[in-house]
Structures are given as C-alpha cells and as structure tokens.
Amino acid sequence: MSGKKVFIVGPGLIGWNVLELLAKEGYAVTGFVRRREHASQIKATGAVGAVLGDLNDKALITQHAAAHDIVIHTATADHLGSAEAILDAVQQRAAQGLSTVYIHTSGTSVLDDGAAGSVRSDKVYHDDVVAEVDSVPDDAPHRQIDMAIVRVQKQLGAAAKIAIMIPPIIYGVNPRHGRLTIQIPTLTRYALKHGYAGHVGAGLPVESAVHVLDLARAYLVVLRRLESTPADSPEILGNPYYFAEGTGDGEPSWREIAAAIGDELHARGLTADASPRTIPPENYGDLFGPQFTAAVIGLNSRSRAVRLRGLGWQPVEKSWRDSYAQDELPLILAEDVDRKSFEGYKGTVAS
C-alpha cells in the first residue's frame, strides 16, 4: 500500500482509469473535475476527494498540486495554462525541499507529417532515442507545451521527477465508465450521417494505436519506475518521453479503419455500401473542422514504446478492430440522437 497522495487533473477517458488503478494500489487520489456528477463518480470508484474547477483556474490547480507528492495531467495535451500551474507547484515544492513526480500527457499528433491522407510514411519514432522525439518542429501539435515542461525539468534537475506520456490513437472502452474515445467513434458517426465510411485523401497514412486500459496500466508502470529510480539518474534527467502504443508494426492505415467501419455498418444494414470513400473537404465540418481534420485523421504517426516494453509493459487488451466491433460500435448505435444532425467532434482531441 503506497499511502502517497496523487492529484489527477482531468480524470476522464484516460485519467479515470488511471485513478482506479492507483486507488487499488493504495494511493490516496484526488481528482480535479468540472462537474459535480463526475466528482461523485470518481469518489464512488476510489478517489478520496474531488476538486471542482476548470483548466483556467491556475491558482486553484497550483494550490492543490503543491499539496500532493504525485501529479498526473490527463485532461488535454493542449492547455498551456494548466500545465504551467502544475509546473509552478512543482517548483514551489522543490524550493521547500519536497520532490514531486509529475506525469504529463501529450500525444503522437506531435509527429504529424502533414501527409493529409496522401502517403504512407516509413518514418518510425522510438522513445529511447531522445533526438528522434526532439527532431519534430517546434510548432508541431502539443510541442510548445512539451517543450515548456522539458525546460522546467532541466532547471530543476534532480529536484523533481518529470515524464511525458505520448499516446497515439486511443481506442476501447471501460464498460464500467461507458466513455468512448474520439477518432474512430467520430468517423463512425460521420458514416451514419452520410451513408458511407470515409477517410481523408487516399487514406494511406498509418498511426499507432493503444487500448485505453492498456494505456492506463502504462501510467502505473511509468510511475513505479519514477518512484524507484534515483532523481539524479540519467534515465530520468536525460529522457522524459514515453510512447505508449500497443500495435507495434501492425499500425492500421486510415483506409483500413474506414474499411472496418464500413464493413460493420453494412453488415448491420446501416449503409448501402461497405466500401470506404474519400471524404470531400467540404464535409470536414462534420469531423474535426476544416482546420484540423487532415491533421487528426490524415497523418502518419508511427511510434514505438521501447521504454515501456523494456519495463515489462505489454498490451493485453483487444485489438482495435475487435474492440470496435464488440464494444464501441454497440455503444454508438445505442446513442439516442438524431444521426443526421451530427456536426462533428467539438472537444479537444487526444493523441
């Protein structure tokens, strides 16, 4: 039993699963949530407390992060203010002689190559080679926040233990939570509205993927490693990055994902044709908007979780295809909505 205090900012799709695993291991976990309903949900599944607020409440986040030994940010990869609030807390604790473990969540959209559906890339990134991760442009998705965290890590040195988790496409569902992921469900809702499964461009790019429950276990593997490794170890100071993919060399292309959606919907009589098609750009508003659709579901993003596998982590959950057919699609089809009114995903995209 740990007894250590953990503050999770945004215990939603990823973080709620991490919270439950931590609670089972004896960590005292508090979640930072927006809604009272969700505060009750996380307390019913292991949290010792919940703080109500939003990501713009910097002072509130800093206050509570500074009171915890471990801070995990799983709300979004794209909110600089909340990450800065946690870094302020980590630095305050360091000034008091208190060490903090901070695990931030980024995403492999940082590897976006701008392919926009046109070509499959041979470029593969490995998290045990820092230079490969650092080779991405400074203006890549998520990169400005990742760089801000790395700068503070270098300033603090052994006074804190900081890691950046970089998951790819997340799929799967925890049946107790019933929370769906983003990219594949959005493509499915698009297909139900328009009558065909689609992809950006030729659908040739590929992206690594991970089941949400395998991902949650990865956070605990990283946390245990950080806790058991000296703060001045080159392993911690020299490399904060952890990819978390479960597909290895079997990453799906976006066309393969669209084909799986088409097959499942056609088999249920929900589309006239199973064949995937190119989505016209004028329909991007029904996906992730004109600005982001090509980057979200038209990119190459090939990552390898070398470090996690070296620590004994292995994916054990269903494949993305089986999970979609058996778990996610039934939940999507059970939604009580007007499918023709779907206007795309409006939230922040993970990965």
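Which residue in E2 is the bridge partner of Lys-5? In this predicted model, local features need pLDDT of at least 70 and side-chain atom pairs count only at pLDDT 80 or more, while totals for chains, interfaces and linings use all residues. Residues are numbered from 1 along each chain as its sequence is written, and side-chain values use heavy atoms, with hydrogens and water left out.

The partner of Lys-5 is Ala-28. Strand E1 covers residues 5–9 and strand E2 covers residues 28–33; strands (E, at least two residues) and helices (H or I, at least four) are DSSP runs numbered from the N terminus. E1 and E2 run parallel and are joined by five bridges, where pairing requires that DSSP finds at least two bridges between two strands. Between them the chain passes through helix H1 (residues 15–24), and this β-α-β crossover is right-handed: with the strands pointing away from the viewer, the path from the first strand over the helix to the second runs clockwise.

E1 also pairs with strand E4 (residues 70–73), in the parallel sense and over four bridges. Here Val-6 stands opposite Ile-70, and Ile-8 has Ile-72 as its bridge partner. Four of the five residues of E1 are buried, that is, under 20% relative accessible area with a 1.4 Å probe and protein chains only.

E4 is covered on both faces: Ile-70 and Ile-72 are buried on one side, Val-71 and His-73 on the other. E4 pairs as well with strand E5 (residues 100–105), again parallel and over four bridges, and Val-71 has Tyr-102 as its bridge partner there. Together with helix H4 (residues 80–95), E4 and E5 make a right-handed β-α-β unit.

Methods
Buried means under 20% relative accessible area, exposed over 50%, partly exposed in between (1.4 Å probe, protein chains only).
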